[in-house]
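Please read the following account alongside the sequence and the coordinates.

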Amino acid sequence: MNIFESTTPLFWAIAILSSGTVFAILWSLDAMTHEKLVQVDITDQELQAHRNILTASFLMEISLLAMFWSPIGALPFFIAFFITRTIHEFIDELNFHVKRCTPYETYLHLGMWMSVLVKTFSMFIWGFFSGYSGLLELPLFCYIWAAIVLLFLGVVSFLEWNR
C-alpha cells in the first residue's frame, strides 16, 4: 500500500497520458479500417457491439473521475462498468474480429487493449488509493496533453458511433 502512496502524481499522470495517447493513436488507425470495412464487412450487430463498448467505456471513465470525490462510492460503479466493457470487448473480438481481421488489425487491437488497460488501472490505482492526490498541482503541460487526448478521443468516438 505504501508503494502507491509514495508514487508521485506526475508518475501517474505520465502513465495515464502516455498510455492514453498510444490508445488514441491505435484506435484512430483501427477506426480507419472500420471506415473501409463498414460498406463491405461490418454488420449492424458488430456496430452495436462497438456502441456498447463505447457506452460502457464512457461510464467507466466517469466512475474513475468520480473517485476524485468519493473513491469508495465510485468503486461499485467502476467494477460494474469495467466488467461490462470487458465482456463486450470479448464478444466483439471473438464473435466478429477473429473471423475477419488481418494481422494488422489484430496487432492494432492487441495494442489498443493493452494500452487502455494500463491507462485504466493507472487511473484506478491513483484514484482509488489516493483520490488523485496532487492532480491539481501537476505542471501545465499535463493539462494541455490531457485536453488534446480527450479531444482526439471525442472525435474518434463520435465518428465510430455514427458509422
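Glu 89 and Arg 85 both belong to helix α4, which covers residues 71–100; helices here are DSSP runs of H or I with at least four residues, strands are runs of E with at least two, and both are numbered from the N terminus. The two residues are four apart, about one turn of the helix. Their side chains meet in a salt bridge, with an N to O distance of 3.1 Å; the term requires a side-chain nitrogen of Lys or Arg within 4 Å of a carboxyl oxygen of Asp or Glu. Glu 89 counts as buried because its relative accessibility is 9%, and Arg 85 is likewise buried, with a relative accessible area of 1%. Buried means under 20% relative accessible area, exposed means over 50%, and partly exposed lies in between, computed with a 1.4 Å probe on protein chains only.

The model is predicted: local features need pLDDT of at least 70 and side-chain atom pairs count only at pLDDT 80 or more, while totals for chains, interfaces and linings use all residues. Residues are numbered from 1 along each chain as its sequence is written, and side-chain values use heavy atoms, with hydrogens and water left out.

A search of the whole structure finds two salt bridges. Are the two partners buried or exposed? Lys 119 counts as buried because its relative accessibility is 11%, whereas Glu 61, at 23%, counts as partly exposed. Not counting residues up to four places away in sequence, Lys 119 touches Ile 16, Ser 19, Gly 20 and Glu 61, contact meaning heavy atoms within 4.5 Å.

Helix α5 comprises residues 103–130. Its expected span is 1.5 Å times one less than its number of residues. For the 28 residues of α5 this should give 40 Å, and the end C-alpha atoms are 40 Å apart, which agrees. Val 116 also lies in this helix and is buried, with a relative accessible area of 5%. Leaving aside neighbours within four places in sequence, Val 116 is in contact with Phe 23 and Arg 85. The C-alpha atoms of Val 116 and Phe 23 are separated by 5.9 Å, although the two residues are 93 apart along the chain.

The discussion now turns to the nonpolar cores. Such a core is a set of buried Ala, Val, Leu, Ile, Met, Phe, Trp, Tyr and Cys residues joined through side-chain atoms within 4.5 Å. The largest has 17 residues, of which Leu 64, Met 67, Phe 78, Phe 124, Trp 126 and Tyr 132 touch the most other members. Helices α2 (9–37), α3, α4 and α5 each supply at least two residues of this core. Apart from this core lies another, of 13 residues, among them Leu 108, Val 116, Val 149 and Leu 153. Among the contacts of Met 67, not counting residues up to four places away in sequence, are Ala 74, Leu 75, Phe 78, Phe 124 and Tyr 132.

A pair of aromatic rings is described by the distance of the centres and the angle of the planes. Rings of Phe, Tyr and Trp (its six-membered ring) pair if their centres lie within 6.5 Å; planes under 30 degrees apart count as stacked, over 60 as edge-to-face and the rest as tilted. The structure holds twelve aromatic pairs. The rings of Phe 11 and Trp 12 have centres 5.2 Å apart and planes at 75 degrees, so this pair is edge-to-face. Trp 126 and Tyr 132 also form an edge-to-face pair, at 5.2 Å centre to centre and 75 degrees between the planes. Trp 126 is buried at 4% relative accessibility, and Tyr 132 is buried at 5%.

Tyr 132 is placed in the loop between α5 and α6 (140–161), and its phi is near 60 degrees, a positive value in a residue other than glycine. Most residues other than glycine have a negative phi.
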